[in-house]
Amino acid sequence: MRQGDEQRVFPEVDRLVARGEAHVWWWRSPDRVEPDDLRLLATAEFRRALSLLSERDAAEFVHTRAGARRALGGLLGVAPAEVSLGRRRCPGCGSDGHGPPQLDHPAVPLAISLSRTAGWGVFAVGAGPAIGIDAEELRPVREALLSDTVLTVAERGHLDAVAAGSARQRAFHRVWTRKEAVVKAVGVGLAGTELGRLETLPEREGPVRVTHHAADRASAWTVQDLPLADHLAVALARPVGPAARGAVHLHPPA
């Protein structure tokens, strides 16, 4: 916590936490890195951008990180440059090198999550200790992703009952984004989750309750699909309980 943070008042944070609400922003990313975006990044993020081989991937990464700071700045009433993003320790291995993102400054009790796909960036802020969002462009599904290491028996049965083509693509991406939103909220990543045990109830419109099983504990999440764009599947995961009782406020591109 920076000096003076404890004296600052953020009324919107108090309201958001009291009501158990969340906010979600999304935007199109430019094809090239924009200097105004780059100036908002921390050194580690700048290095990450330099490591990306595709200029479009770098622009998407940079714009999403900058967009998150602008969204938080508007929500909290601070300049985007004041917003500092870091990482929580991985709850699986304890490393602070690959844990889920967190808001370091201003020091307020909000959880954050980011996602990027096909030139789109999505950013979520919510009450409670954790939140997860995942966005995926609707596209043909590889056969390897229809295996029992990814899908539960019930999920595979649901997909088999859906007509092949765009309807099945949309059904699969509902399953996938729900799974990844939960995994991101938990913070252990896809490698730390038995996806074939993570039941997402795709036959239900939602919100649905999804239970994540880790080696030593289970956690329950409220998961809902978000209608952000026709060609995107998007899911948001929040902890079951007070943190997920309120509305999700959507902020479309300006």
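Mentor: Start with helices: these are DSSP runs of H or I with at least four residues, while strands are runs of E with at least two, numbered from the N terminus. Glu155 sits in helix α5, residues 153-160. The model is predicted: local features need pLDDT of at least 70, side-chain atom pairs need 80 or more, and totals for chains, interfaces and linings use all residues. Residues are numbered from 1 along each chain as its sequence is written, and side-chain values use heavy atoms, without hydrogens and water.

Trainee: Why is Glu155 called buried?

Mentor: Buried means under 20% relative accessible area, with a 1.4 Å probe and protein chains only. Glu155 has 0%, so the label holds. Of the 254 residues of the protein, 50% count as buried.

Trainee: What makes the pair Glu155 and Lys179 a polar contact?

Mentor: A polar contact needs N or O atoms within 3.5 Å, one able to donate a hydrogen and the other to accept it; residues adjacent in sequence count only if both atoms are side-chain atoms. The side chains of Glu155 and Lys179 are joined at 3.0 Å.

Trainee: Which residues does Glu155 touch, not counting those up to four places away in sequence?

Mentor: Contact means heavy atoms within 4.5 Å. Glu155 touches Val150, Val175, Lys179, Leu198, Glu199, Thr200 and Pro202.

Trainee: And the whole chain?

Mentor: The protein has six helices and ten strands. Its radius of gyration is 18 Å, close to the 18 Å of the globule rule for 254 residues, so the protein is as compact as a globular protein of that length. The radius is taken over C-alpha atoms; the rule is 2.2 Å times the number of residues to the power 0.38.
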